[in-house]
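Grab your viewer and work through a few exercises on this one. Try each task yourself before reading its solution.

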Amino acid sequence: MTALHADLVLGRFGAPEAGAVATPDGRVLDAASAVTPTDEARPGECMDLDTGMRYSGLVARVPCAGPHDGRVLAQHPLTGSYPGVGEARERAGRACAGGTDRPRSGSHWYTWSSQGSWTARGEGRATCYLVSTAGATPPARTASAWS
C-alpha cells in the first residue's frame, strides 16, 4: 500500500459553545481571556500550565487566591532579530538570572519567545516564573533553575 484515502462526513452536530478552561478546583474560566502564550503572561499573574488544549506553548491565567501551578516573576525584552534557539535560551537565562525578586520556595523556570512570536513582535521576551505545584509540566521552550 502506498496511499490511504479517507472521506469524513460531519453530521448532526450541536451549536458551537464558547471555549472554557476548568481549573483544578473546578472553576471554569473563559478561554478567550484566560489562555495566553507563555511569553504574554504578565509579572505577578498566576497560571495553570495545563490548558487542556494539548499545546504546551500556552498557559491559563488564573486568580492567585486559588490553586495555581506557578506565578510569573518577571519579563525581560530580548532585543534584536531572532538569534536561534540556543542563543535565545542563553539570553533568556541571563535575563532571568539577573532578577532580584526570586522567592526561595518552588522551582524557578524561564522561557523565551518562539521564532514566530519574536519576529511578529520585533523582539523576544524572557519570562521568568516560579512553579509551585509538584509535578506540573512547564511549557515548551523552557529551562529550569537559574541561580
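This is a predicted model: local features need pLDDT of at least 70, side-chain atom pairs count only at pLDDT 80 or more; totals for chains, interfaces and linings use all residues.

**Exercise 1: the overall layout**

Work out how many helices and strands the protein chain has, and in what order they run.

*Solution.* Start with the count: there are 3 helices and 9 strands. Next, walk along from the N terminus, and you get β-β-α-β-β-β-β-α-β-α-β-β. Then look at burial: 39% of the 147 residues count as buried. Finally, check the contacts with a separation of 6 or more: 58% of them come from residues 24 or more positions apart.

**Exercise 2: the partners of β6**

Find how β4 and β8 pair with β6.

*Solution.* Take β4 (residues 46-48) to begin with: β4 and β6 pair in the antiparallel sense over 2 bridges. In that pairing, Cys46 sits opposite Arg71 of β6. Now move to β8 (residues 124-131), which is joined to β6 by 8 bridges and also runs antiparallel to it. Here Val72 faces Tyr129 in β8.

**Exercise 3: the disulfides**

*Solution.* Go one bond at a time.

- Cys46 and Cys64 have their sulfur atoms 2.0 Å apart, inside the 2.5 Å cut-off for a disulfide. Cys46 is buried at 1% relative accessibility, while Cys64 is partly exposed at 26%.
- Cys96 and Cys128 are joined with an S to S distance of 1.9 Å. Cys96 belongs to helix α2 and Cys128 to strand β8, so the bond ties together parts 32 residues apart in sequence. Both Cys96 and Cys128 are buried.

**Exercise 4: the aromatic pairs**

Classify the 2 aromatic pairs by the angle between their ring planes.

*Solution.* First up are Tyr82 and Trp118, with 5.4 Å centre to centre and 80° between the planes. An angle over 60 degrees counts as edge-to-face, so that's the label for Tyr82 and Trp118. Tyr82 lies in the loop between β6 (70-78) and α2 (85-97), and Trp118 in helix α3 (residues 115-121), so the pair ties together parts 36 residues apart in sequence. Trp118 is buried, at 1% relative accessibility.

Then come Tyr110 and Trp112, at 6.0 Å and 45°, which makes a tilted pair. Tyr110 and Trp112 are both buried.

Terms used:
Residues are numbered from 1 along each chain as its sequence is written. Side-chain values use heavy atoms; hydrogens and water are left out. Helices (H or I, at least four residues) and strands (E, at least two) are DSSP runs, numbered from the N terminus. Buried means under 20% relative accessible area, exposed over 50%, partly exposed in between (1.4 Å probe, protein chains only). Contact means heavy atoms within 4.5 Å. Rings of Phe, Tyr and Trp (its six-membered ring) pair if their centres lie within 6.5 Å; planes under 30 degrees apart count as stacked, over 60 as edge-to-face and the rest as tilted. Two strands pair if DSSP finds at least two bridges between them.
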